[in-house]
Amino acid sequence: MLSKYITNLAICLLLLSINEITSAQLVDGYPEEIANKLLEQQQAETSSIAKMPNPEAANFLFSNKRWDPGSKILVAFNGGDVNLHRAIEQQAKLWEKYANINFDFGYDPIKNKYRTWSESDAHRVAHIRIGFSEPGYWSTVGTDSISNYGHGERNSASMNFQGFADIPIELLNPRWKYIVIHEFGHALGLDHEHQHPICGKEFRWETGPNGEESVYKIFKDWQGWKPQVVDINLKPKPIKTNSDYMTQIPDKESVMMYAMPAQAFIKGDKSPCFTRVENKNISKLDGLGAKMAYPMNPTEALQTADAYKRAALSLASTPLDGLNDTEKTVVKSRLETALQSRKPLLYIQIHNESDRKEALKIQELARESGFFAPGIENVSHKNLKSGPQIEVRYFRDSDLDSAQQISSLLTNQLGVEKVKILHVKALASTVTRNMVEVWYP
Ligand SMILES: [Zn+2]
C-alpha cells in the first residue's frame, strides 16, 4: 500500500499476474470514456488547487477519499448467488482487522440472502454497489462510489468483478481472493503502491536508447491498454508527495502493488517498484496504513473525521470564480460527496414485516429532510432487545437534534402516537458521525 491518507484516483483496474498470464483471462482495461473522464477529473483537481485561495484544504480534500473512521459502509450485489456473496464478504472483511470500518453486506439469515441493488433503484441503497457484468475487475476509490462525478450514481456499479457470477465460486481461479482484497483496498481509498512518487522515475515512459519498449507499448501488447489507462493506473498522483506514503521506498509486499514485467522499469528487476510475484495478502505495511487512515481509538477516529469535515467546510465557503467550468464541476462534485458522506445517517430496524410499509414512509421523509437513510433491516433474527414502542436512538450528545427531528417526523407526519427518544450513552465513544436509529417494537 499505501497512502497514509488516501487517494485521488477514481477507478483502478487490476492486472493479471505475469506468472498467470497464460492461464488467466486477460483484463481489457476499463472503457475508454471512463479512463478519459478519470484523467480529466485528476487534471481538473490538480489545476484547481493552484487557483484556489486555500490550496491546502483543497489538496487535503482531493487526496483524501476515505470514509469517516468508524463508518458502517453498506455493500450490495447485483447478480451472483449467495455463495459468491459470502465469499466476497469474507475477503473484504479481512481489512476490518486493521481499519476501523464496518463493511455491512446486509445478510438476512432467514431468507439466506445478501443486500441487492438494481439499475432501477430510485435511491442509492448502498455505498458500494458490486456488479459482475461490466468488463474487468475494478473499483471506485473511497467516497467516489457516492460521487455524482464518475461511477457513483445510485444505480450503477461502483465495483465490478467480470465473470465471477458465471461459474461456481469453487471453480474460479484462486486469485479471485486477491482481486477482492485489492479492490476493497481501493474502496477504502487506498492508492496503488507502485504509484508511490518514487516510481514515477522508475517506469520507462519513453522508448529507451537501445530501443527498449516504453510502458505504453508494453501494456498495449500485454493488456491491450490505451495510454490513458496506463496513466491512470501507473503515474504517481500529481498532488501526492513522498510523505503521503508510509515509507520512503515502496512496499514490495503490498497487496496494492502490481506484479508487472521487469522491462516496464528502467532498472528492470532492480527497481524498488518491481515485484516478481503477485502479492496475495494484506502486507504488514498495508495493515499499518489502513490502521492509520482508520484509527481504532475513538478520540483519534473523531479527530480524523473532524479534520476532513473542516477542510470540506472551509472549501465550501470559497468562491470558485477563477476556475474554468470543468474545474468547477469537479470541485463542486467532490464537495458534495464530502458533505453527503457526512449527512446524518439513519438506520431503521423493524421486527415485523407488517411495519415495513410505515418504515418506508419514514425513510422517504428522512431523505427529504437531508438524512442518508440507506435501508430498512428486519432484525428479528438477531434477538436484539427493543422497547414496547417505537424508539429513536442516538449516541453522542451532539446528535440529539437529529433524533428530535426524526421523532417529530414520526409524530407529526405519520401520526405515530408514542415515540421514545433514547440516549444510548454507552456506545457514544464508538460513533464518529452524526447517526440515529429508529427501532420498531
Ligand atoms: Zn488497483
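**View 1. An open sheet of 5 strands has the order β8-β7-β11-β9-β10, with mixed pairing.** The edge strands are β8 and β10 (419-423), each of which pairs on one side only. The model is predicted; local features need pLDDT of at least 70, side-chain atom pairs count only at pLDDT 80 or more, and totals for chains, interfaces and linings use all residues. Residues are numbered from 1 along each chain as its sequence is written. Helices (H or I, at least four residues) and strands (E, at least two) are DSSP runs, numbered from the N terminus. Two strands pair if DSSP finds at least two bridges between them. Strands of a sheet pair through backbone hydrogen bonds, either parallel or antiparallel.

**View 2. Strand β7 (residues 345-350) runs parallel to β8 and is joined to β8 by 3 bridges.** Gln349 stands opposite Glu377 in β8. Helix α10 packs on the sheet and touches β7, β8 and β11 (435-439); the direction of α10 makes about 175° with that of β7. Helix α11 (residues 400-413) also packs on the sheet, where α11 touches β7, β9 (390-394), β10 and β11. The direction of α11 makes about 160° with that of β9. Axes are lines fitted to C-alpha atoms, for helices over the stretch in contact, and angles run from 0 to 180 degrees between N-to-C directions.

**View 3. The axes of α10 and α11 come within 10 Å and cross at roughly 120°.** That angle makes α10 oblique to α11 (under 35 degrees counts as roughly parallel, over 145 as roughly antiparallel, 65 to 115 as roughly perpendicular and the rest as oblique). The crossing of α10 and α11 is right-handed; a crossing is left-handed if the near helix is turned anticlockwise from the far one by less than a right angle, and right-handed if clockwise. Ile362, Leu365 and Ala366 in α10 meet Ile406, Leu409, Leu410 and Gln413 in α11. This contact of α10 with α11 has 6 nonpolar, 1 polar and no charged residues. Ala, Val, Leu, Ile, Met, Phe, Trp, Tyr, Cys and Pro count as nonpolar, Asp, Glu, Lys and Arg as charged, and the others, Gly among them, as polar.

**View 4. Phe371 lies in the loop between α10 (356-368) and β8 (376-378).** Phe371 counts as buried because 22 C-beta neighbours lie inside 10 Å. A residue is buried if 20 or more other C-beta atoms lie within 10 Å of its own, exposed if 12 or fewer, and partly exposed in between, with C-beta atoms placed from the backbone. Leaving aside neighbours within four places in sequence, Phe371 is in contact with Lys343, Pro344, Leu346 and Ala366 (contact: C-beta atoms, placed from the backbone, within 7 Å). The C-alpha atoms of Phe371 and Val436 are separated by 9.7 Å, although these residues are 65 residues apart along the chain.

**View 5. Strand β4 (residues 128-131) has Ile128 and Ile130 pointing one way and Arg129 and Gly131 the other way, and all are buried.** Strand β2 (residues 72-78) pairs with β4 in the parallel sense over 4 bridges, and Phe77 stands opposite Ile130 in β4. Strand β6 (residues 159-161) runs parallel to β4 and is joined to β4 by 2 bridges. Asn160 in β6 is the bridge partner of Gly131.

Definitions and conventions: Contact = placed C-beta atoms within 7 Å.
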